[in-house]
Structures are given as C-alpha cells and as structure tokens.
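Hello,

Here is the structure I promised to pass on. My notes on it follow just below.

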Amino acid sequence: MKKFLAAFFSIFIFLGLFSSCGLKKKELKVYSIIHDEETEALCNLFTKETGIKVQYLRATTGELVNRVIAEKNDPKADVLLGGGSSYHIQAANAGALGYYVPSIAKNFPAYARSSDGTWTGFCVLSLGIGVNKKRFEKKFPNIAMPKNWEDLLNPAFKGEIVMTNPSSSSTAYLFVQNQLQRLGEVEGWKYLSTLEKLVGQFPDSGSAPPKLVGTGEYAIGIAYIHALSKYRAQGFDIVTASPMQTAGDVDCISILKKAKNYDSAKKFVDFILGKEAQELMTSIDFTVPVNPEAAVIEGCTRIEDIDLIDYDSKKAAAEKKEVLERWSKLR
C-alpha cells in the first residue's frame, strides 16, 4: 500500500506541474513563456483544429529556459513557446533544442528564422516606456513625460520606475542589452548603474510593469510596447512611447531535442506560425505578427513606426552569464 501511495502521489505531482487543456496520455506538453490567457486560447484553438490535446506549464523565461537545459536528456515537455531569440540560442547551444524548419516560415523575415533550424520567431517584440498620466502629472507637474531612454535618468524619478529583473525576465535582459549595444560597454554600464538606483521595484515577470503602471502604483514602467498598448486599450491611463534607438527581438518557438511527441510538436509549430493563430494572438496581446499574411489589430504599434537598433541576438546570448553577473553586482 505504501508503494502504491508513493507512486500515486508522484504521478499527481507531475501532472500538477502543468495547467491543462486536457489530461490524456500522449498529449502535447508545452512550456510557455507567453501569458496564460494567450497560451490557453492558442492551445484550445490548436486542439479544436487538430484534435490533439495540450498540457502547458507557464513560467518566466529564465525559469523555463533553465528547466529545458537541465532536462535536455529527458525532457518533460515537447515545445518551448515564447522567449526572445537569445534565450533559444542559449538553449540550442546547450544541446537542448531539436531541428525543425517549418515550410510556412520560408517567406518570414530573416531575423525570424534561425540559421541552424532550432527556433522560429512568431511575433515581433520591441521595448517601450509606459507612463501613468494621472500619477505622473501629480508627482512631476513641471517635468515632461519621458520619451527616450536618457529621459529616465532624471533623479526626480527615483522610486517611481518599475522594470523586471533581468536575471529572470527576457524583457529586462533585452533592455540591458539595448543599452549596452546602443551605447557601447563603458557608457552602457554607466547608464545602467545610474538607472538601477532609480528603479523602485524589479518584479520577475514581464507582465508586471504594465499592470503596476496601469493601476497607478508607479508613474513609469519599462516593458514591451505591445504589453503597454494592451493595458491602454483596456482603458488604463497609460501613455506609451517608443524611444529612439530601441531594441527589437522576436518571440520564438522551438521543439525540444528529445521531445516524446515530435510529430505533434511540429504540427503545433506550424499552427503557431499560421495566419489564424497569429491573428488570435495579436487580438489578445497587441503583438506584431511575423507572418506577413496576418493582419495587425488596431492600436498595435507597427514595426515601421519604431526606431530599432541593429540588435545582435547572438552576442546577447553569448555574453548573458557575464552580463547578468555584472548586473547583480549593481544591486
């Protein structure tokens, strides 16, 4: 009886790791970095179209990428959904990702396709600044709202800025790389050192700053522009800005190297890159689809309206450990 109970609870704990769109054996298992709402909607649509059930576990970028690497010889999931390209490059370099080049991606921009066939981008991400208009005007009646990265270094803003923790969030790591790549190492670290002292909170999830700014807990937030636009569209008092020389990346999808449901995983990748799924996601999250056939929702910041630097995702991936170690010493 003791052995039976031990086995039962082991199975129970494993299943409990996943929020589920169904609970059958052989179901596709997805590690998802994108938000629960979008993940659930995409899983449900995929199941409706293919009959393949999906289980998913949603967590932060750092947590899931580390899990994928740790489990590379015996993966507990089949697909990694979401996260910037530098994180998928990190997982690929660790030998954790499999090879799959979707035929649907042949007309995608070059920056959305990996050279080694380990990942494919499905939506464009770019950084922005969000301001809670009411709180800002009350706190800083004689200061203009920040529009560019240098504007954030005003000492008056101390304690009123929120951004995620670069060690756990791909959003914040992109921001750190944004400053290092546009300013160079010396000036970039000088900028980051100054800004770090002004930030009031470093939550782990990239979804936190837009919410905290939208609800008026902070005056200023650093986040993906699509996340800020989503809260603005929902009626929150947010003013958004796309700074000059900002960084852009793609949210990516990969199949794990030893995935137990490889055929279903390939179908899921094809589905995520398809027009219907891309339009569903932008309708929920205001992201910019990579698929050129997918329409962009009204209120979404278009990629052509953003001043992007020539972001080097391979450089970002290669020096990630060193950069995060140096960042931790600032705090």
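How does the lining of the largest cavity divide by class into nonpolar, polar and charged residues? It has 7 nonpolar, 13 polar and 5 charged residues, where Ala, Val, Leu, Ile, Met, Phe, Trp, Tyr, Cys and Pro count as nonpolar, Asp, Glu, Lys and Arg as charged, and the others, Gly among them, as polar.

Before the rest, please note that this is a predicted model: local features need pLDDT of at least 70 and side-chain atom pairs count only at pLDDT 80 or more, while totals for chains, interfaces and linings use all residues. Residues are numbered from 1 along each chain as its sequence is written, and side-chain values use heavy atoms, with hydrogens and water left out.

Cavities and pockets
The largest cavity holds about 270 Å³ of space. Of its 25 lining residues, I33, H35, R58, T171 and Y224 are the closest to the centre. Two or more lining residues come from each of α6 (170-183), α9 and α11. On the 1 Å grid over the protein atoms alone, a cavity is a set of points where a 1.4 Å probe fits but cannot get out; a pocket is an open set with protein on both sides within 12 Å along at least five of seven lines, and lining residues have an atom within 4 Å of a point. Grid points are joined across faces, edges and corners, and a volume is the space filled by probe spheres set on the points.

The second largest cavity has about 70 Å³ of space, and its lining has 8 nonpolar, 5 polar and no charged residues.

As for the largest pocket, its volume is about 490 Å³. S85, Y111, W119, D249 and S313 are the closest to its centre among 25 lining residues, and the lining divides into 14 nonpolar, 7 polar and 4 charged.

Helices
Helix α2 (residues 36-50) has 15 residues; helices are DSSP runs (H or I, at least four residues), strands likewise (E, at least two), numbered from the N terminus. Its buried residues (under 20% relative accessible area, 1.4 Å probe, protein chains only) are E38, T39, L42, C43, L45, F46 and T47. G51 follows α2 and has a positive phi, near 80°.

A91 lies in helix α4 (residues 85-93) and is buried, with a relative accessible area of 0%. A91 touches (heavy atoms within 4.5 Å) V68, I69, A96 and L97, not counting residues up to four places away in sequence.

Best wishes

Methods. Expected span 1.5 Å × (residues − 1). Buried < 20%, exposed > 50% of the residue type's maximum accessible area, 1.4 Å probe, protein only.
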